[in-house]
Amino acid sequence: MEKLIITAAICGAEVSKEDNPNLPITAQELAEEALKAEQSGASIIHLHVRDRAGNPTQDKEIFKKAICEMKKIGVKAIIQPSTGGAAGMSWQERIQPIYLEPEMATLDCGTTNFGDEIFINDLPLMRNFALEMKKFNVLPELECFEVGHIYNALKLKKEGLLNNHLHFDLVLGVPGAMPASIKNLLFMVEQLPKDATWTAAGVGRYQLELAYPSIIMGGHVRVGFEDNIFYKKGELAISNAQLVKRVVRLAKEYKRKIANPNQAREILKIE
Ligand code: KMH
Ligand code: ZN
C-alpha cells in the first residue's frame, strides 16, 4: 500500500475561537499550527484564512501573508488553499488564491446543502475553476460531498479540464449532504477510477471513524479543526497536531507508513 498522506485542515471557515480557543486565525498562528501539524505527520495543509475580525475571507493578500509566514518558518508541506471559502461567497471572491499559483487547491464538485445554507458549485463555476487551475498548473483536490459530485468531476475530466492525476476528497457528514458511514464511504470509493487517489474527511466525531477504514482501504486521511474541534466527546482538541498524531498512531498499528511532503508530492504526481 502506498504511504499515507495526512491532510490537516487547520482552520476552515465555519469554526470560531468561541467554539475552540485553540483555532489559529492570524498568519502567525496559522503558520505555527501548520508547522506543528507537519512535524506531527501531516503532508498537506488545507488552508482557509480569516480577516482581522476573524471572519472567513478569500482575500489573495491574506492568503499570501499566511503562506509566506509558513514558508518563512520552514513549512515544507503542500499548502492547499480553499477555493470553497464559505457558503454565500461569490465565485470571483473564491477563486483568488489560485493566482498565487499554489501546488494544489480544492475544487468543489457540486452544489450541496451545507447546514442551513446552500453551497453553490454549478458546472459553469466548476469549469471556470478547473480551467484556471489547469492554466496555473495547480492540482485540484476534487471535493465531493455527495456521490453525484464524483460524476461531475469525471465529466470535467472528459471535457479535458483536469490534469492527468485525479485526487478526490470524500467529505462525509456535512449536515444536509451525504452522511458519514463506512458503507457510504465504500460506495463512493467504488465509483472512483482505479488510478485515482482519495482522502476521506469525516465531519465531527466521524473524523476518527472514517480514519480507520481509509487507512485500511488504501485511502488517505484528513483531520483538523475545519471538520472537527473535539479530541473526544466533551473534550476540545488542543491543536491540529494532536489530531494528526492520533492518525499516525492508528496507521502504525495497521503498519501503514506516513508520507512526508515530498513523498506526498510523488503520490499525487505533483512535479
Ligand atoms: N467552507 C465550505 C462551505 C473547500 O475548502 O473547498 C467549503 C469548503 C470546501 O470548505
Ligand atoms: Zn475547506
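This is a predicted model: local features need pLDDT of at least 70, side-chain atom pairs count only at pLDDT 80 or more; totals for chains, interfaces and linings use all residues.
Reader: How many residues surround ligand 1?
Author: 13 residues do, and the closest are Glu14, Ser82, Gly85, Thr106 and Asp108.

Reader: How far is the side chain of Asp108 from an oxygen atom of the ligand?
Author: An N or O atom of the Asp108 side chain is 2.7 Å from an oxygen atom of ligand 1.

Reader: And what about His46 and Glu226?
Author: For His46, a side-chain N or O atom is 3.1 Å from an oxygen atom of ligand 1. For Glu226, a polar side-chain atom lies 2.9 Å from a ligand oxygen.

Reader: How much of ligand 1 does the protein bury?
Author: The protein buries 98% of the 300 Å² that ligand 1 exposes when taken alone.

Reader: Switching to helices 7 and 8. At what angle do their axes cross?
Author: Roughly 35°, with the axes of helix 7 (residues 206-217) and helix 8 (residues 240-253) coming within 10 Å.

Reader: Left-handed or right-handed?
Author: The crossing of helix 7 with helix 8 is right-handed.

Reader: Which residues meet there?
Author: Helix 7 brings Gln207, Leu208, Ala211, Tyr212 and Ile215, and helix 8 brings Leu243, Arg246, Val247, Leu250 and Ala251.

Reader: How do they divide by type?
Author: Eight are nonpolar, one is polar and one is charged.

Terms used: Residues are numbered from 1 along each chain as its sequence is written. Chains are lettered from A and ligands numbered from 1 in the order in which they are written. Side-chain values use heavy atoms; hydrogens and water are left out. Axes are lines fitted to C-alpha atoms, for helices over the stretch in contact, and angles run from 0 to 180 degrees between N-to-C directions. Helices (H or I, at least four residues) and strands (E, at least two) are DSSP runs, numbered from the N terminus. A crossing is left-handed if the near helix is turned anticlockwise from the far one by less than a right angle, and right-handed if clockwise. Contact means heavy atoms within 4.5 Å. Ala, Val, Leu, Ile, Met, Phe, Trp, Tyr, Cys and Pro count as nonpolar, Asp, Glu, Lys and Arg as charged, and the others, Gly among them, as polar. A residue is near a molecule or strand if one of its heavy atoms lies within 4 Å of it. A polar contact is a pair of N or O atoms within 3.5 Å; within protein, one must be able to donate a hydrogen and the other to accept it, and residues adjacent in sequence count only if both atoms are side-chain atoms. Accessible areas come from the Shrake-Rupley method with a 1.4 Å probe; for residues, only the protein chains shown count as cover.
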